[in-house]
Amino acid sequence: MDNKFYIKKVSILIFTISLLISSIGCTSLPIINETDAHFEESSSSNTNIFIDSAGRKNELPKNIETVVPSGRVAQMMISMIAPEKLVSLADLPKYIQKDIPRDLPITGQLYGGKGQINYEEIINKNPDIIIDIGEMKKTIKEDLDEVQKTTNKPTIFIKADLENTAKAFRVLGELLGEEERAERLAKFTEEAISFAEEGKKDIKEKKKVYQTTSDDGLGADLDGTAHTEILNLIGAENAAETEAQGGKPGQTVYMEQILEWNPDIVIANNRGLGDIVMNDERWKNVKAVQDDAVYTVPQDPFSWVSKPPSANRIIGIYWMAKTIYPEVYDIDLKMKTKEWYKLAYNYELTDEEYEVILNGDFIQQ
């Protein structure tokens, strides 16, 4: 009898615990991934506790007024939300980016380009915060710890691959006190991604696309990198049947390999590269060339598909979808482009300027 009573009590206890766990699981408690940048409660009325996308904790001023970007990706996204808070630049802005002050010092880039950052100038500008945005690098924690130690300024990282761009906008908006503007950018981003995800359900047969960012077209953009995120999103098949290795976004290939892949479409991600491919005798037997299906990616103010892989790519979702699958994706690209340029760059794009950009050229002052 004692054993039966004990077993019954244990069974009731297990059942009760199960119900408790189930009830907790049904509540709306937020689940925070290690790469979700977020705020935590602070005991101070003047500061916020911020956990960045690398899991690093920082105490930040409640009102951030001055910002240094760690690179072009950060500069672009900050300038879309609060350009007046930039006190230095990673790179000179393009003509379209009129809201970015052009007389600011260049403090360089932590990553990309030559990867040189000017610590002396950053210290001289004395910013409230240094912000890095983009891909999650393997050494991101150590790198930003070094920047913070050298400058004695809070340095944070916000992950912003294509999938996380809307979230990154919202975090930036909260950081910089520009939630309303950030929300408009986030919604445009989500609508573009949803447009692609819904449209690709209607694709009957995938098209094989060769995307290249090299000067001569012999550099294949590989899957598993930020460079081909849009290509994958809109439902195309990457003709380069190789995954990225060692963090490199591309791979040099021989012409014989391209002829073997024989892509339906070539996406040329450099100014003038489309003309080079179309007029090079070596390419004449490639299906895309024979079908006049070689397209140059718009580049103003930056590439619509990468270089840098930042928010400049959002309008590229619409462009690539309509370019590769015009029979599936029905969109007024001119209208969307004008809407994006006004929202992201505060620039009123004319019909003539739209055609210039679509041809892969730059608007001249």
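This report describes a predicted model of one protein, from its confidence values to selected residues.

## Basis and confidence

Residues are numbered from 1 along each chain as its sequence is written, and side-chain values use heavy atoms, with hydrogens and water left out. Because the model is predicted, local features need pLDDT of at least 70 and side-chain atom pairs count only at pLDDT 80 or more, while totals for chains, interfaces and linings use all residues.

The mean pLDDT (the predictor's confidence in each residue, from 0 to 100) of the protein is 88, and 87% of the residues score at least 70. Helices (H or I, at least four residues) and strands (E, at least two) are DSSP runs, numbered from the N terminus. Where pLDDT is low, the predicted coordinates should not be read in detail.

## A three-stranded sheet

Three strands form an open antiparallel sheet in the order β1-β2-β3. Its edge strands, β1 (38-40) and β3 (57-61), each pair on one side only. On average, neighbouring strands of this sheet are turned by 40° against each other, direction ignored; axes are lines fitted to C-alpha atoms, for helices over the stretch in contact, and angles run from 0 to 180 degrees between N-to-C directions.

Two strands pair if DSSP finds at least two bridges between them. Strand β2 (residues 47-51) and β3 are joined in the antiparallel sense over five bridges. I49 has E59 in β3 as its bridge partner.

K336 is part of helix α12 (residues 333-345). It counts as buried because its relative accessibility is 11%; buried means under 20% relative accessible area, exposed over 50%, and partly exposed in between (1.4 Å probe, protein chains only). Leaving aside neighbours within four places in sequence, K336 is in contact with F188, E191, I315, Y318 and I331.

D145 lies in helix α4 (residues 140-151) and is partly exposed, with a relative accessible area of 43%. D145 and R56 are 89 residues apart along the chain, and their C-alpha atoms are separated by 8.9 Å.

## Cavities

A cavity is a set of points, on a 1 Å grid over the protein atoms alone, where a 1.4 Å probe fits but cannot get out. Grid points are joined across faces, edges and corners, and a volume is the space filled by probe spheres set on the points. The count comes to three cavities of 30 Å³ or more.

The largest cavity has a volume of about 60 Å³. Its lining residues (those with an atom within 4 Å of a point) are S79, Q97, D99, I100, R181, A344, Y345 and N346.

## Backbone exceptions

Most residues other than glycine have a negative phi, and most peptide bonds are trans. A cis peptide bond joins D300 and P301, with omega about 5°, and another joins K307 and P308, with omega about -5°. P301 lies in the loop between β12 (294-296) and α11 (314-324), and P308 is found in the loop between β12 and α11.

N126 has a positive phi, near 50°. This residue is in the loop between α3 (119-125) and β5 (129-134) and is partly exposed, at 48% relative accessible area. Phi of D292 is also positive, near 55°. D292 lies in the loop between α10 (287-290) and β12 and counts as exposed at 53% relative accessibility.

Conventions:
Contact means heavy atoms within 4.5 Å. On a 1 Å grid over the protein atoms alone, a cavity is a set of points where a 1.4 Å probe fits but cannot get out, and a pocket is an open set with protein on both sides within 12 Å along at least five of seven lines; lining residues have an atom within 4 Å of a point.
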